Amino acid sequence: MISFAYPHILYLLLLVPAILGLYLWARYARRRNLRKFGKLASLLPLMPEMSEYKSPLKITVQLAALALLIIAFARPWGAIRNQKTSKEGIEVVIAVDASNSMLASATSDDNGTSRMRTAKFTLEKLINRLDNDRVGLIIYANSAYTLIPVTNDYVSAKMFLNSIDPSQIADQGTNITGAIDMAVNSFSDNKNIGKALILITDAEELEDKESVMKAAADAGRRGIQVDVVGVGSSTPVTVPEGNGMMMYPETGEPVRTALNEDLAAEIAKAAKGIYVNASNSEALSELERQLDTLKKAAMESSLYSQHDELFPIFAWLALALIIIDILLLERKIGWLDRITFFKKEEKQ
C-alpha cells in the first residue's frame, strides 16, 4: 500500500484535467477557425508537415510527466521496514581548570588571548570531532564541580563549556586531585567501554603534587586514560583582574603565572596518557589519535521503522517522459505517414 509524506501536494493533480480541458478547448477553437477558410479535408493537404497525432501524443506525455512529478514531490512511501542501529564509542570526561590563572594570556604576550578562551576553542573543536562518543564536563578550582554528566548531547556540552568563567568562582585554587576523583566517579560501570579523562590545565600552584600523581596513577589502574592539554606559555605573564592586574597583597607586585609543562606531562604519564600543548597545531590530531586507541563498545541500540522511499521511481519515470517529449517533434514522421490507421479502403 502506498502512502504519502506530503499528501496535500496531491491536490496539484487537479492541474492535469484542467490543462487537458484547456488543450481540448484550444484544439476545438483551432479547428473552428480553420473551417472559416474552407473544408478541413481541403485545407489539411496544404499543411503536409502537420501531424494529426503528434500533438495529442505530446500533450499525453507532458501531462503524464507532470502527474508523475507531482506524485514524486508528495514523497510516496511503500512498505514499512524495521531498522536496528547500534552505536559504538567511548566515554570522555573533560575537566577544565577554572582558576584565576586561566584568565592570563595563553602566549608570552600579556595582552594575548586568554588561556580560558584558548581552552574553550580547543575543546569545542574536539567535541565536534567526537563520533558516537559520550562526553561529560567538570570544572575545578579549589573544588571540582560537575557541569554536565556523561551524555551524547554535544550541543549542551558546548553550551556549558562556553559558560565557564573563572572570575565567577570565589573558591580559588588548582585542585587537580579533586577533578580526577570526580571524573573517575562520573564514568559508567561498563568495563567494555574505553574511558578517557581530558585534563585542561596550566598545572600551576598545585598544593599537593603527590596526591595528584597518586590520583592519576589510580585512574590509570582503573583503565581510565588521562590525557593532559596544557594551556599557556612557559614565560610568566600577568594575571588580569577586572580592568587591572591581580596583585600580591604583601608586596604589591603583579601576580605572574606560567605553564608548568613538566608537571603536566608527568600527570599524563602516570595514567598512560599523553600531554599536548594547546598552542601546537597538531595538538587536536594527536589527542584524537590517542582516543582512537581506546576500545569502542556499543553505547546504545535502537529499533525504528522506516518506509521504502518510492520517490526515485516516480522521478526517473517523469524524467524519461520529459526526454521523450523533447524528442517528439510536431511534424510528421516519414515512415509512420505511410501507415494508415483510420482510413477506409476505397471500393473498386
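View 1. Val93 sits opposite Gly136 of strand E4. This close-up comes from a predicted model, where local features need pLDDT of at least 70, side-chain atom pairs count only at pLDDT 80 or more, and totals for chains, interfaces and linings use all residues. Residues are numbered from 1 along each chain as its sequence is written, and side-chain values use heavy atoms, with hydrogens and water left out. Strand E3 (residues 91-97) and strand E4 (residues 134-140) run in the parallel sense and share seven bridges. Strands (E, at least two residues) and helices (H or I, at least four) are DSSP runs, numbered from the N terminus; two strands pair if DSSP finds at least two bridges between them.

**View 2. The open sheet around E3 and E4.** Here six strands line up as E5-E4-E3-E6-E7-E12, with mixed pairing. Strand E5 (144-151) and strand E12 (275-277) take the edges; each has a single partner strand, so one side of each lacks a neighbour in the sheet. On average, neighbouring strands of this sheet are turned by 15 degrees against each other, direction ignored.

**View 3. Helix H3 against helix H10.** H3 (residues 54-73) packs on H10 (residues 311-327) at an angle of about 155 degrees, and their axes are 8 Å apart. The axes are lines fitted to C-alpha atoms, for helices over the stretch in contact, and angles run from 0 to 180 degrees between N-to-C directions. H3 passes H10 in a left-handed crossing, meaning the near helix is turned anticlockwise from the far one by less than a right angle. The H3 residues that meet H10 include Val61, Leu68 and Phe73, while the H10 side includes Phe311, Phe314 and Leu321; contact means heavy atoms within 4.5 Å. The residues of this contact divide into 16 nonpolar, one polar and two charged.

**View 4. Two loop residues with positive phi.** Most residues other than glycine have a negative phi. Arg75, in the loop between H3 and strand E2 (76-89), has a phi near 60 degrees. At 32% relative accessibility, Arg75 is partly exposed. Lys272 also has a phi near 60 degrees, and lies in the loop between helix H8 (261-270) and E12. With 67% relative accessibility, Lys272 counts as exposed (over 50% is exposed, under 20% buried and in between partly exposed, using a 1.4 Å probe and protein chains only).

Definitions and conventions: Nonpolar A, V, L, I, M, F, W, Y, C, P; charged D, E, K, R; others polar.
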